[in-house]
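The sequence and the model are shown first.

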Amino acid sequence: MTLPEGTPETNGAVSAPDEVVWEPMVREGSSLSPTFDDLTRQRTKEIIARYPQSRSALLPLLHLVQSVEGHVSQDGIRYCAEALELTTAEVSAVATFYTMYKRTPCGEHLVSVCTNTLCAALGGDDIYARLQAKLGTDGRPLGHEETSGEPGTPGSITLEHAECLAACDLAPVIQVNYEYFDNQTVESAEELVDALQRGEKPHPTRGAALTDFKTAELELAGIFPDLDRSVEGPSVSVQTLRGAQLAMDNGWVAPPMPDEPPALPDLPEKK
Ligand code: FES
C-alpha cells in the first residue's frame with residue numbers, strides 16, 4: 001500500500017496530497033464495502049505515525065474503518081492488514097475479539113443497554129427486554145447487535161446488551177454511540193429510542209452532544225474534526241464524586257506512602 005505523505009492531522013480541514021497511489025479494493029461487480037478514499041488513507045497514515053511500531057495502530061485503524069463502513073467488513077480487514085503489513089488472519093483475530101468492532105452494518109445509532117449485575121438488578125434487564133420488543137418486527141424481538149431499520153439510514157438503531165459500562169453508581173445506564181444516559185427507566189429508555197427514531201439527538205446525561213455511530217468511531221480512531229464539540233459538557237457526575245467530596249468536607253486523607261515499599265508476603269510453597 002502506498003500511503004500519502006503528511007503530518008499528523010490537525011483539527012482543521014484535511015486535504016489529500018497529490019501523490020496518493022490508490023488501488024481500489026472494491027472490484028467491479030463486487031458488493032464489497034465502499035472504497036476507502038484519499039482522506040481515509042491520509043488519516044491512516046497519521047494514525048500509524050503516532051506509534052513506534054505500526055502494528056500498534058491496529059485498534060484505532062479498525063475504528064477508522066468503522067467510521068467509513070459502519071462496521072468492519074472483510075474489505076476493511078484487508079485494508080488494515082495491507083496498511084500495517086499484517087496478515088488478514090491477525091487482523092481478523094483482533095476484530096473478532098473486541099465487542100466494539102462490529103461485523104455487520106450498524107444503524108445510525110448504537111444503543112447499548114447495560115445488563116451486568118447491578119444495572120440488571122435495578123432494571124437493565126427490563127429495559128433491554130422492552131427495547132428488544134419495541135424495535136423488533138412481527139412479534140420477533142430484536143436480537144443482540146441486530147438493527148432496526150436500514151443500517152446507516154436516519155433513525156436506524158442497532159441494539160446490544162453490554163457488560164458493565166463503568167457507571168454502576170448511576171445504574172441502570174444506557175449508552176448511545178458510547179455517550180451516557182444515566183439512571184434510566186423502561187419509560188425513559190423508550191422515550192430515548194423514540195427520539196432517536198424521529199431523528200432527534202437528545203443530550204446525554206453527561207459528556208459531549210450526541211452525534212452518530214460513524215462520527216463516534218472517527219473520534220475513537222483519534223480523529224477530531226470538531227474538537228471543541230467532542231469535549232464539551234461535564235464528564236463527571238455528582239454521584240461519582242460523592243466519596244471524594246465527603247472526604248474533602250471532613251478532611252479525610254489517605255495515609256502517606258512509606259519511604260520504603262512494604263515487603264511482599266512470602267509465596268506459598270509449591271506442592
Ligand atoms: S453494572 Fe451497569 S454500569 Fe456497572
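Leaving aside its neighbours within four places in sequence, which residues is Thr-88 in contact with? They are Ile-77, Arg-78 and Ala-81, where contact means that the C-beta atoms, placed from the backbone, lie within 7 Å.

## Basis of the model

The model is predicted: local features need pLDDT of at least 70, side-chain atom pairs count only at pLDDT 80 or more, and totals for chains, interfaces and linings use all residues. Residue numbers start from 1 along each chain as its sequence is written.

## Overall make-up

The chain has 9 helices and 5 strands, taken as DSSP runs (helices H or I, at least four residues; strands E, at least two) and numbered from the N terminus. Their order from the N terminus is α-α-α-α-β-α-β-β-β-β-α-α-α-α.

Of the 271 residues in the chain, 33% are buried. A residue counts as buried with 20 or more other C-beta atoms within 10 Å of its own, as exposed with 12 or fewer, and as partly exposed in between, the C-beta atoms being placed from the backbone. Among contacts between residues at least 6 apart in sequence, 63% join residues at least 24 apart.

## Packing of H2 and H3

Helix H2 (residues 58-69) and helix H3 (residues 74-84) have axes that come within 10 Å and cross at roughly 140 degrees. Axes are lines fitted to C-alpha atoms, for helices over the stretch in contact, with angles from 0 to 180 degrees between N-to-C directions. H2 and H3 are therefore oblique to each other; angles under 35 degrees count as roughly parallel, over 145 as roughly antiparallel, 65 to 115 as roughly perpendicular and the rest as oblique.

H2 crosses H3 in a right-handed sense, that is, the near helix is turned clockwise from the far one by less than a right angle. On the H2 side the contact is made by Leu-58, Leu-61, Leu-62, Val-65 and Glu-69, and on the H3 side by Gly-76, Tyr-79, Cys-80, Ala-83 and Leu-84. These residues divide into 8 nonpolar, 1 polar and 1 charged (nonpolar: Ala, Val, Leu, Ile, Met, Phe, Trp, Tyr, Cys and Pro; charged: Asp, Glu, Lys and Arg; polar: the others, Gly among them).

## Packing of H3 and H4

H3 also packs with helix H4 (residues 88-97), at an angle of about 120 degrees and with the axes 8 Å apart. H3 and H4 are therefore oblique to each other, and their crossing is right-handed. Ile-77, Arg-78, Cys-80 and Ala-81 of H3 meet Thr-88, Val-91, Ser-92 and Ala-95 of H4. By class, this contact has 5 nonpolar, 2 polar and 1 charged residues.

Thr-88 lies in H4 and is partly exposed, because 15 other C-beta atoms lie within 10 Å.

## Nonpolar cores

A nonpolar core is a set of buried Ala, Val, Leu, Ile, Met, Phe, Trp, Tyr and Cys residues joined through C-beta atoms within 7 Å. The largest has 29 residues, and those with the most contacts inside it are Val-111, Val-113, Leu-131, Val-173, Ile-174 and Val-193. Elements giving two or more residues to this core include strand E1 (109-114), helix H5 (117-135) and helix H6 (186-197). H5 gives the most, with 5 residues.

A second, separate core of 20 residues includes Ile-47, Cys-80, Val-91 and Ala-95.

Notes: Contact = placed C-beta atoms within 7 Å.
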